[in-house]
Amino acid sequence: MKHIATVVIGAGHCGLAMSKQLLDRGIDHVVLDRGKVANSWRTQRWDSLRLLTPNWQSRLPGHAYAGSDPDGYMTMPELAGHLQAYSDRVGAPVETDTTVLRVNATSDGYIVDTDRGSWTCRSVVVASGACAVPVVPALSSGLPAGIASLNPFAYRNPQQLRPGGVMIVGASATGVQLAREIRASGRDVLLCVGEHVRLPRLYRRRDINWWMDAMGLMDVRHDEIPDLERARRLPSAQLIGTPERETVDLNTLRDAGVEIVGRLVALDGGEAKFSGALANHCALADLKMNRLLDSIDAWVAASGHDHGFGPPHRFEPTRLDRTPRLGLDLRHGRIETIIWATGFRPDYSWLDVPVLDRKGRMRHSGGIVASRGMYVMGLPFMRRRKSSFIDGAAADARDLADHMLSFLVRAAA
Amino acid sequence: MTVTAKHLFERNETMTTALSTSQGVNNGVNVAALLGAREALSQMPEAAAFKWRASCEWIQGTHSRSTIGGFFGLGAEQSRTKTFSVEADHPEVFASEDTAPTPVELVLAGLAGCLTAGVAAVAQNRGIQLHSVKASLEAEMDIQGILGIDDEVRNGFSAVHVHFDIRADASRDEIAALVAQSQKRSAVFDIITNPTAVHVTVG
């Protein structure tokens, strides 16, 4: 049994950012990962995926992007290289190929059991990712036999799919990206669209993330917004990172030949049923996008100078068929594959400390978990709007490391 | 269930007055009470399980009368001081007496009532003063379905159109957002746009 002050679980951007902050404070720690650094970025993402944030925004504590393409979007191998180089440079004490099997509370801290021995510690940082498990809705059990069912972790590229049409359930970042590339491979694609967040890649010649960062929206804190629960549930925006800085939305997908239908609400006797609320889901998304664009325009006007921004404009409202399809018999052969792009959740199956709420979510305040000495990172709007972004790890790790340092000092006293 | 739950939705005139004074907006919706109920119910979800009821008796022909009284919610039977009665019939073109609206028209009235209440509540919550809210609804139906002429035609509506005319101290987009948010949180809109399992038994 080894003893250490802090065990950090997960060597992704969050775990590494925390490690740097702990090194700066002289807090003795180890970073455990079941694979290599950036394991899930390396192993659980489809081939074409690039980050949805530009390179300049992949900042980490003490590290800014210095490459030649600040406005580009990293591929997954590039990101893994970026994080590995960061880990090496800061000297993060990472133990790779070490799977955490169980974490239990003790009288003065925690015991972390791994497949390579156990650690006792005062403090634990859960940095194992907000997107560790694909969420597939219960209605998927009604899927008729003979149709292939995939989640985004199993999907790599269109060539892997069997011939025939593909129904993609969910139109957030994952769903729209998969619909785009599977349609481009020549397949019939049906996209089921519920509530979604529509954003243009570029507005007034700047990346949408540039605007949100410059206006301070990414720094808005968890204790500053009126409805935190709703902010935390917000689906990922419809964005894609491409060298051409393309916008992907329901209009571009429709023009490419993707059939847009409402949210999948039932699979009953082989028949898929789609919600009739599609038009309202699109209206909500268009209105929300326009409110953001209004606030950008107001911010530019208030700042009093124009840094080569283009003129204000508005995007075409989402176009829909007058009578969108409400049902499809899946036994008729049009659809051979269903992909569940219905979100992700963290995996706490190894966590034997009573810190989860009735829906299995971590109980925490700004990343400070409801168990002394335990911290979590990377969850949506955890401390700030940017908490689930790579760029959010630095500020959150700094705050939580400060909190941890005073906790450890008090615990030792 | 606790007393807190039972009193969640009770009218609180002091609160309404305070709210309307502070924001200068009064649509007659006690948003503070609704938000308080939302907060409390998120802590005790079992109190959020409601059962709505209606009973119906055949009068004659296509004419029937439904009676609506108590319901279950907040962990207890909720009684009203009175019962409501809603009649339904079919029009003369269906060789009926036309003594009351048709059931499908009552569905439209239910949708209109639900969306309109939602518009008022959302407007109050967002500090928007309403002056008038008018909704007109039209549903399309091919009656070859109900007459059994063509099995490929469904019995129900093939489309529902709702048009709102709203006068309020708000921009066009703000008014559109009121209507969109009202649909997002509407029970009847959900009932009409999404499937529901219906269990029918015979005594």
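Me: What makes up the area buried between chain B and chain A?
Reply: About 1400 Å² is buried between the two chains, with carbon and sulfur atoms giving 50%; buried area is the accessible area (1.4 Å probe) that two parts lose on being put together, summed over both. In chain B, Arg38(B), Lys184(B) and Pro195(B) lose the most area to chain A, together 29% of what that side buries. This is a predicted model, in which local features need pLDDT of at least 70 and side-chain atom pairs count only at pLDDT 80 or more, whereas totals for chains, interfaces and linings use all residues. Side-chain values use heavy atoms, without hydrogens and water, residues are numbered from 1 along each chain as its sequence is written, and chains are lettered from A in the order in which they are written.

Me: Why is the meeting of Arg322(A) and Glu140(B) called a salt bridge?
Reply: The term requires a side-chain nitrogen of Lys or Arg within 4 Å of a carboxyl oxygen of Asp or Glu. The N to O value for Arg322(A) and Glu140(B) is 3.9 Å, so the pair meets the definition. The count between chain B and chain A is 3 salt bridges.

Me: How many salt bridges are counted between domain 1 of chain A and domain 2 of chain A?
Reply: The count is 3 salt bridges. The domain bounds, which come from an automatic or database domain assignment, are 2–132 + 346–412 for domain 1 and 135–340 for domain 2.
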